[in-house]
Amino acid sequence: MSRLIRMDSTGHTTLAEWTAKDDAAFAAAVEEFRGQLGQGYIGTVPEGPGKANHVRELPRGADLVVMRRPIAGG
Amino acid sequence: MTADALPELAAVPWRARTDARWLTRYGRLWHAWTVLYTVPFLAAGAVMLALEPLTAPVALACLAHAWIIPELYAFRGASVVRPKGPRNEGSEPAAQGLLGDLLGHRERDLQRRSGLALEPGSLGVWLVGEAGALLVAPGGRRVHCFCVRVPEPELPPSDRISHLLLALRTDETGFATVANHAFAGSPWRVRRRLPAAMRPALDAARAAAGHSST
């Protein structure tokens, strides 16, 4: 089961879940992902130790996609 | 901008990429600057004492300046990783769980004890805090301090660290470019200004960066 989560004031919120074979669930997740991008969130896929990828489209095969806010110099 | 470039780089288009060469040069500049503002105070104090012992109070003030000013800079550097902002304790356990999933076993344990996430990179070994990061350069003889944060105060502390960690893992030099460089200097200068719980994390980062204590 793949998950789309957003880091927010609750710690994190699960926005969508899908499997590779469930087209309807994936389509709903894509819609949610695009909505989050529209709100200024950035899509990131953790790829194991030391590596993460910025994604502009929801990858169907990713186990976990994390929506985060932009960072800035303090 | 490459495909894996940090999106936040678009907010600082005037900055050159912060790479290893830039960091080495900047570290040397900080070192030279420290010498430049310390030596004149030391020399003035010594000359006054040599010429007229009655100037001892003024000479002592000069020596105090030579000590205090570098300490203030080091304090500023260490402060980048001090806990800041609301604790949001109700949502912290969930955020801590997510951060724990992003870290290895040893790093997770260290983060829970110290509040800093250790992350090896190509520029050195990073210690990521809630609103800043320390970078121990290869060899462990110099620490760079960066102010960098996610400007969302309602996030629990561990989520703030996760934000920075994911950005760092996406594009390390981009992360260092977006962050504001606050200080560079010897690890011992930063260590003594860190909260006691964070000092073992700096020791671990120095060890991981290749520093030998022998």
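What is the mean pLDDT of chain B, and what share of its residues reach 70 or more? The mean is 94, and 97% of the residues of chain B reach 70 or more; pLDDT is the predictor's confidence in each residue, from 0 to 100. The model is predicted: local features need pLDDT of at least 70, side-chain atom pairs count only at pLDDT 80 or more, and totals for chains, interfaces and linings use all residues. Residues are numbered from 1 along each chain as its sequence is written, while chains are lettered from A and ligands numbered from 1 in the order in which they are written.

**Figure 1. Overall view of chain B.** Chain B contains eight helices and five strands; helices (H or I, at least four residues) and strands (E, at least two) are DSSP runs, numbered from the N terminus. Their order along the sequence is α-α-α-α-β-β-β-β-α-α-β-α-α. Along the principal axes, the C-alpha atoms of chain B fill a box of roughly 65 × 40 × 40 Å. Of its 214 residues, 43% are buried, where buried means 20 or more other C-beta atoms within 10 Å of the residue's own, exposed means 12 or fewer, and partly exposed lies in between, with C-beta atoms placed from the backbone. Among the contacts in chain B with a separation of 6 or more, 73% come from residues 24 or more positions apart. Two residues are in contact if their C-beta atoms, placed from the backbone, lie within 7 Å.

**Figure 2. The contact of chain A with chain B.** For the complex, the predictor gives an ipTM of 0.96 and a pTM of 0.94. Chain A puts 22 residues into the contact and chain B puts in 36 residues. On the side of chain A that touches chain B, strands E3 (42-46), E4 (52-55), E5 (64-68) and E6 (72-73) each supply at least two residues. That side has nine nonpolar, 10 polar and three charged residues; Ala, Val, Leu, Ile, Met, Phe, Trp, Tyr, Cys and Pro count as nonpolar, Asp, Glu, Lys and Arg as charged, and the others, Gly among them, as polar. E6(A) pairs with strand E4 (residues 143-149) of chain B in the antiparallel sense over two bridges, pairing being defined as at least two DSSP bridges between two strands. Opposite Gly73(A) stands Val148(B) in E4(B). Helix H5 (residues 157-170) of chain B lies across E3, E4 and E5 of chain A and runs at about 90 degrees to E4(A). Axes are lines fitted to C-alpha atoms, for helices over the stretch in contact, and angles run from 0 to 180 degrees between N-to-C directions.

**Figure 3. The sheet of chain A.** Five strands form an open sheet in the order E2-E1-E5-E3-E4 (chain A), with mixed pairing. Strand E2 (13-18) and E4 of chain A are at the edges; each has a single partner strand, so one side of each lacks a neighbour in the sheet. From one strand to the next the twist averages 25 degrees. Strand E1 (residues 2-6) of chain A runs antiparallel to E2(A), joined by five bridges, and Arg6(A) has Thr13(A) as its bridge partner in E2(A).

**Figure 4. The hairpin of E3(A) and E4(A).** The two strands run antiparallel and are joined by four bridges; Pro46(A) is partnered by Ala52(A) in E4(A). Five residues lie between the strands, and Gly48(A) in this hairpin takes a positive phi near 90 degrees.

Figure 5. Helix H4 (residues 105-114) and helix H8 (residues 199-208) of chain B pack at about 145 degrees, with axes 8 Å apart. Leu110(B), Arg113(B) and Ser114(B) of H4(B) meet Pro200(B), Ala201(B) and Ala204(B) of H8(B). The largest nonpolar core has 67 residues, and those touching the most other members include Leu127(B), Phe146(B) and Leu164(B). Such a core is a set of buried Ala, Val, Leu, Ile, Met, Phe, Trp, Tyr and Cys residues joined through C-beta atoms within 7 Å. H5(B) gives the most to this core, with six residues. Leaving aside neighbours within four places in sequence, the contacts of Leu127(B) include Val81(B), Leu116(B), Ala133(B) and Ala201(B).
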